[in-house]
Structures are given as C-alpha cells and as structure tokens.
Amino acid sequence: MSEPTAPAPAAAAPLLTLSGVHTHIGQYHILQGVDLQVPRGGLAVLLGRNGAGKTTLLRTIMGLWQASAGSVKFDGREIGKLATPDIAQAGIAYVPESMAVFSELTVRENMLLAARNGPLDEARVEWIFGFFPALKKFWHYPAGNLSGGQKQMVAIARAIAEPRKLLLVDEPTKGLAPAIIQSLIAAFRELKETDTTILLVEQNFSFVKSLGDTVAVMDDGRIVHAGAMRDLVDNQDLQQRLLGLSLDSHQ
Amino acid sequence: MTSLVPPPMPQARTPVSALGPDTALPAAKRDIAPLLLVPVLMLAMLPFVGSFPTWVTLTVAGLAMGMMIFIMSSGLTLVFGLMDVLNFGHGAFVAVGAYAATMVLLPMHGWLEADSLLMNLAVLALAMLVAMFVTGLLGWAFERIIIMPVYGQHLKQILITMGGMIVAEQLIIVVWGADQVPLPLPTSLRGAIVLGDAAIEKYRLVAVVVGLLVFAAMFLVLNRTKIGLLIRAGVENREMVEALGYRIRRLFVAVFAAGSALAGLGGVMWGFYKETLTASMGSEIMVMIFIVIIIGGLGSVGGCFIGALLMALVTNYVGFLEPKVALVSNILLMIGVLMWRPAGLFSNARR
C-alpha cells in the first residue's frame with residue numbers, strides 16, 4: 001500500500017528550522033521567539049494547551065501570518081518572507097484546524113484543486129481510498145454534506161493528493177468521535193511509511209504518543225521542551241510538569 | 001467588514017455525530033426553491049394580467065431585460081465574492097462599453113441599415129467584441145490603479161470606486177460629447193414578430209439568446225474548468241486556495257477584467273434596448289445591479305441570474321398592472337427576498 005520510497009536525503013540537516021520567530025497579530029504578541037527543528041522524515045508532534053500559539057506557529061510557517069522577526073528555513077531555503085502560494089509550492093501542505101474543505105465543491109473537485117501539478121494520480125487516489133474508504137463512497141458528493149470526520153479526511157487527503165515534503169496538520173482529532181480518531185491514527189501510520197515529513201499539532205496526547213517520533217511542547221508562545229517522543233512517554237514526571245492536567249483532561 | 005485581526009479560516013466545524021465514517025449517505029441537498037421562483041412568478045401573474053398575448057409580451061420583455069441586467073451584474077458578484085471588493089464603479093464599464101460600441105456602429109452604419117440580417121448581426125457582433133475588449137482593458141487598468149491600493153478596506157473602496165465612476169462619466173463626455181447619442185436598432189431587428197395575438201419584439205429575443213449563451217458559458221467555465229474550480233473555491237475560502245499553492249491575485253485580476261468585459265457587453269445591449277446613450281447610464285443602472293446581486297446572494301452567479309430575471313419580470317408586470325407602484329417594485333422585491341433569505345437566494349458559505 002505504501003508509496004515507493006525515494007533515496008533518503010541528507011538526514012543530518014533538519015527539514016524545517018525556526019529560529020527566534022516572533023509573530024504579532026494586531027497588538028498581540030503571540031509567538032515570542034520560537035526555536036524549533038523538524039527532522040527530515042517521520043512525524044514530529046507539537047503539543048501545548050489552548051492559546052499556547054500552536055496554530056499561530058503553523059500559520060506563520062505557511063505565510064498566512066507574517067513573522068515580525070526571526071527566520072524560517074525550509075529544505076535549506078529561507079521562506080519567512082515568501083507569500084503563501086510560494087511556500088505551498090516549495091512543498092508544504094497544510095491541513096488547517098477548521099479543515100477548510102470547499103463545501104460547494106465535490107470531494108473529487110477538492111482533490112482536483114489540490115493536484116496543482118497536473119491531473120489526479122489515480123494510483124495515489126486509490127492508495128488514499130485504502131485508509132479513507134469514505135472518500136471513495138462520497139467522491140461525487142459536495143464536501144459540505146459530509147460529517148465532520150469525513151471533512152477531516154477530505155482535508156488530509158487534499159494535503160496529500162500529490163507528494164509534498166512537509167505536511168502541517170492542525171489538531172485533526174478536535175471534536176471527532178473515537179472511531180474516527182482510530183481511522184486517523186491508521187492513516188497517519190500509513191503516511192509515516194512515505195517520505196513525507198509530518199508536523200502534527202495536537203492537544204490529545206493519547207492520540208499522538210504512539211505516532212510521534214519527536215515531540216515539542218509549546219507554552220506562552222515559546223517552545224518549552226523538545227526531544228524524542230519515547231522519552232516523554234516514559235517519563236511521567238515530565239508529562240505532569242509539561243502537560244499538566246489541561247492535557248490529561250482531553251481523553 | 002475587515003478588522004485588524006485576520007479572521008481564522010471561516011467555515012464552522014460541524015458537530016460530529018458518533019456515527020462512523022461509513023454510515024448512511026448524506027442527503028444530496030439541492031436547493032431548488034429559488035429556481036422555482038421565476039416560473040412560479042410567471043404563472044402566478046397570468047390571471048392578473050388577464051390576456052394571454054399581453055402576458056407573453058410582458059414575460060418576454062421581462063426575460064430580455066433580466067438577461068441584460070444579468071450580463072451586466074454577473075462580473076460584479078464574482079468580484080465581490082472572490083476578493084470582498086466593493087466596486088461601486090462597475091456601472092462605468094456599462095457606459096464605456098456602450099460608447100465604445102459606437103466606434104464601430106457609427107462608421108459602419110451602412111451595415112446597420114442594410115436589409116440583411118447577416119450583415120446586421122455581423123456589425124452587432126463586432127461592436128460587442130470591441131466593447132468587451134475596451135472594457136476588459138479598462139477593467140484591468142481600473143483594478144491595478146484604483147482597487148489595488150485599497151485592498152481589504154471597504155470604506156475606501158466605496159469612496160474611490162465611486163470617484164472612479166464620476167471620472168469615467170466625465171471622460172465619456174470629454175471623448176464622445178455631452179449630448180445623447182441615438183443608437184437605432186439594426187433594420188432587421190426592428191419591430192416585432194407576431195405569434196398568434198402576441199407581439200414579441202425581435203431585439204428582445206436576441207437579448208434572451210445572448211443572455212442564455214453568456215449564462216451557459218459562465219456555467220460551463222465555473223463547473224467544468226480548473227479556473228472555474230479555483231474561482232468557486234476562492235469565493236468560499238481564498239486563504240485555503242493560496243495555501244494550496246495558487247496565486248489568487250492573478251486569478252482575481254483576470255476575473256475583474258472578464259467581469260468588466262461582460263459589463264461592457266451588457267452596456268451595448270442596454271444601449272440598443274434604450275436606443276439612446278447617455279454618459280450617466282452607468283450610474284443609473286448601478287442601483288439595479290446592486291439590487292440584483294444582493295437578491296441573488298453576493299458571490300453567486302446562479303443567484304445573480306435568478307435575481308436579475310425576478311427583478312425584470314416584476315418590473316414589467318407591475319409596470320403594466322400598477323404603474324404607480326413600479327418605482328418601488330424593485331425595493332419591495334428585495335425586501336421580500338431578504339426577509340425570506342437574509343443573505344440572498346444563494347448565499348455562499350463564507351459569511
């Protein structure tokens with residue numbers, strides 16, 4: 001089921017490096033000097049409570065909000081000053097928190113738009129149907145008629161309609177039923193087999209603890225912890241200190 | 001309205017039922033109620049009008065007028081839907097289009113007066129193409145010079161586009177003079193054909209045909225091409241279109257120019273309908289255009305089409321039945337529609 005893997009790129013250099021990134025939204029100073037490295041390959045998790053700045057961080061990487069200071073390096077290239085379409089064309093796909101599926105368009109049309117380099121790759125679509133069978137069923141339905149979980153599948157499928165180097169996913173489990181979360185876990189496991197790097201923002205620790213290779217924890221606009229996911233999973237004290245009750249209460 | 005803080009991606013997260021991903025097919029909801037309004041209105045008016053031939057004449061007149069208004073307003077609704085730009089200067093393209101057509105029609109008046117349908121239609125088509133070219137170019141310049149600096153600022157957009165409209169009107173007077181320009185119909189399109197007892201003006205049939213062609217072309221482009229997909233997606237959520245890697249600015253300039261060209265085409269047709277041109281024709285028709293795109297739902301081409309037909313039909317029926325009420329009939333129609341659907345017949349998901 002997995003795609004053919006390309007030769008492994010220079011593994012040493014991180015795919016994405018943020019250094020000293022500040023973002024202001026209006027008069028609010030949201031990101032207050034973020035330093036973050038996302039290694040090439042695998043799945044990096046970004047945890048943090050509500051309002052920590054996780055969504056702002058993703059939007060800043062995507063160029064939807066301009067950083068007021070700092071640098072964003074992607075694949076050896078500074079992208080901090082680029083416009084959103086150019087950042088997307090550099091190889092970053094984005095699944096926003098709101099999912100932002102085009103509800104007037106059918107599932108197929110949503111996917112067609114995501115395939116900006118040509119026609120839809122049939123084999124790839126079949127591969128996606130493999131872990132999101134609902135999309136095959138509703139292929140010709142307006143995406144607005146789908147349930148929340150199905151919309152999330154459309155949003156993720158759209159981001160991977162063509163191979164991209166980096167996938168930014170913002171809280172995919174928010175508001176979804178456990179059964180659907182299970183199918184998302186399966187999908188991310190499948191995606192991890194490809195050479196797409198994933199940066200997954202979550203509050204739901206139980207969802208990501210089996211998926212993540214690395215983890216960073218964000219609070220008050222800064223990264224307060226970064227390391228291997230295994231170390232955080234094994235260390236109850238660290239969990240308690242970093243994630244506290246606010247995360248435990250989420251399942 | 002715009003605020004300091006860019007809003008998060010619109011579209012509310014729908015609450016999710018506990019149902020799994022593969023449960024029942026969602027009902028394919030097709031919103032047909034607004035589509036039925038036009039035929040229902042037409043049939044409902046038959047007993048009031050009383051005589052069938054009169055009803056046919058009024059209905060065709062309404063449809064023809066509606067098609068012309070649709071052509072003029074369709075571009076504006078897309079411009080608003082796609083980029084949230086309020087262009088109060090859209091009427092300028094209508095007037096400029098009509099005047100630009102005279103650059104063809106006056107030198108070639110021999111062809112207009114010739115007693116040959118083919119020659120008449122050829123010169124008409126040429127005039128329309130020239131008008132569309134001139135207004136398309138003007139629209140492109142208008143977007144670059146006037147709209148671009150006031151991006152995202154509604155109040156300034158209103159002021160500067162109204163200013164642009166006034167300048168355009170005065171420029172028309174400078175170039176073509178302040179006098180009314182008579183625009184007689186081509187010979188073979190004058191008069192009416194009589195079907196039974198009903199008289200149908202030939203030019204109105206032409207207007208209906210052109211209107212249907214424009215609507216069909218827009219429908220095909222919007223639904224069958226990638227550009228159309230991008231426009232529909234952009235009307236719903238332009239930020240996400242950019243996040244998928246498309247430069248929506250370029251798309252917008254193209255849509256703006258195409259919308260201006262359509263306004264120019266509508267201007268030529270409206271000029272022939274009125275058989276005279278005045279420099280202020282653009283600002284006069286602007287009120288109707290705004291009512292139509294509000295009735296239709298800002299950003300919706302289908303809504304604009306139905307709104308234009310409804311408004312024109314109501315104008316014609318009321319003008320015949322109660323001429324004194326005709327002046328307010330458009331406003332009453334708008335109030336009625338908005339009480340039923342406050343965001344217009346087809347509101348797009350964005351707001």
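1. A term first, as the burial calls below rest on it: a residue is buried if 20 or more other C-beta atoms lie within 10 Å of its own, exposed if 12 or fewer, and partly exposed in between, with C-beta atoms placed from the backbone. Helices (H or I, at least four residues) and strands (E, at least two) are DSSP runs, numbered from the N terminus.

2. Please keep in mind that this is a predicted model, in which local features need pLDDT of at least 70 and side-chain atom pairs count only at pLDDT 80 or more, while totals for chains, interfaces and linings use all residues. Residues are numbered from 1 along each chain as its sequence is written, and chains are lettered from A and ligands numbered from 1 in the order in which they are written.

3. Let's start with helix α11 of chain B, residues 281-296. The buried residues of α11(B) are B:Met281, B:Gly282, B:Ser283, B:Ile285, B:Met286, B:Ile289, B:Ile291, B:Val292, B:Ile293, B:Ile295 and B:Gly296. From first C-alpha to last, its 16 residues reach 23 Å, close to the expected 22 Å; the expected span is 1.5 Å times one less than the number of residues. There is a bend of about 30° at B:Val287, where a bend is the angle between axes fitted to the seven residues ending at a residue and the seven starting there. After α11(B) comes B:Gly297, with a positive phi near 100°.

4. Helix α2 of chain B (residues 52-83) has 32 residues, and its end C-alpha atoms are 45 Å apart, in agreement with the 46 Å it should span. A kink of about 35° is centred on B:Ser73. How many residues of α2(B) are buried? The count is 27 of 32, so this helix is mostly covered. Just after α2(B), B:Asp84 has a positive phi of about 60°.

5. Within α2 of chain B sits B:Ala64, which is buried, with 25 other C-beta atoms within 10 Å. Setting aside neighbours within four places in sequence, B:Ala64 is in contact with B:Arg204, B:Ala207 and B:Val208; contact means that the C-beta atoms, placed from the backbone, lie within 7 Å. The C-alpha atoms of B:Ala64 and B:Gly211 are 7.8 Å apart, although 147 residues separate the two along the chain.

6. Now for a pairing between the chains. Helix α3 of chain A (residues 107-114) packs with helix α8 of chain B (residues 226-236) at an angle of about 105°, their axes being 10 Å apart. The two are therefore roughly perpendicular, a label for angles of 65 to 115 degrees. Axes here are lines fitted to C-alpha atoms over the stretch in contact, and angles run from 0 to 180 degrees between N-to-C directions. A:Glu109, A:Leu112 and A:Leu113 meet B:Leu229, B:Leu230 and B:Ala233 in this contact.

7. Two backbone points in chain A may interest you. Most residues other than glycine have a negative phi. A:Asp75, in the loop between β4 (69-74) and β5 (77-78), has a positive phi near 55° and is partly exposed, with 18 other C-beta atoms within 10 Å. A:Ala100, in the loop between β6 (92-95) and α3, has a positive phi near 50°. Is A:Ala100 buried or exposed? A:Ala100 counts as buried because it has 26 C-beta neighbours inside 10 Å.

Methods: Angles under 35 degrees count as roughly parallel, over 145 as roughly antiparallel, 65 to 115 as roughly perpendicular and the rest as oblique. Two residues are in contact if their C-beta atoms, placed from the backbone, lie within 7 Å.
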